[in-house]
Amino acid sequence: MPIEQIAFKVGYKTYSSLYKEFVKIMNTTPKNYRNEINNKFFEIQHSEAFSE
């Protein structure tokens with residue numbers, strides 16, 4: 001789901017409001033955070049596939 005849609009679904013009136021708050025709390029942008037999580041998920045799946 002696009003981050004803009006997530007912002008509205010969780011109650012922010014603008015994407016920039018979510019963006020600023022997210023960076024303040026997480027010390028990274030929403031896009032970078034999503035990429036980090038996806039990379040970690042991929043690494044876990046990849047390592048499990050080779051451990052079988």
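Guide: Accessible areas here come from the Shrake-Rupley method with a 1.4 Å probe. The model is a predicted one.

Visitor: What does the accessible surface of the protein come to, then?

Guide: The protein has about 4,500 Å² of accessible surface, and carbon and sulfur atoms account for 57% of that surface.

Visitor: And how many of the residues count as buried, in percent?

Guide: The buried share is 13% of the 52 residues.

Visitor: Switching to the fold: what is the secondary structure?

Guide: The protein has three helices and zero strands. Along the sequence, the pattern reads α-α-α.

Visitor: Which residues form the nonpolar patch on the surface?

Guide: The patch consists of Ile-25, Met-26, Tyr-33 and Ile-37, which together present about 360 Å² of accessible area. Helix 2 (15–26) and helix 3 (30–51) are the elements that each give two or more residues to this patch.

Visitor: Where is Met-26 placed, by the way?

Guide: Met-26 belongs to helix 2. Its relative accessible area is 37%, so Met-26 is partly exposed.

Visitor: What about Thr-28, buried or exposed?

Guide: Thr-28 counts as buried, because its relative accessibility of 14% falls under the 20% cut-off. In position, Thr-28 sits in the loop between helix 2 and helix 3.

Visitor: Which residues does Thr-28 touch?

Guide: Leaving aside residues up to four places away in sequence, Thr-28 touches Phe-22, Val-23, Tyr-33 and Glu-36. Tyr-33 is also one of the residues of the nonpolar patch.

Technical notes
Residues are numbered from 1 along each chain as its sequence is written. This is a predicted model: local features need pLDDT of at least 70, side-chain atom pairs count only at pLDDT 80 or more; totals for chains, interfaces and linings use all residues. Side-chain values use heavy atoms; hydrogens and water are left out. Patches are made of residues with over 30% relative accessible area and no salt bridge: like charges are joined within 9 Å, nonpolar side chains (Val, Leu, Ile, Met, Phe, Trp, Tyr) within 5 Å. A salt bridge is a side-chain nitrogen of Lys or Arg within 4 Å of a carboxyl oxygen of Asp or Glu. Helices (H or I, at least four residues) and strands (E, at least two) are DSSP runs, numbered from the N terminus. Buried means under 20% relative accessible area, exposed over 50%, partly exposed in between (1.4 Å probe, protein chains only). Contact means heavy atoms within 4.5 Å.
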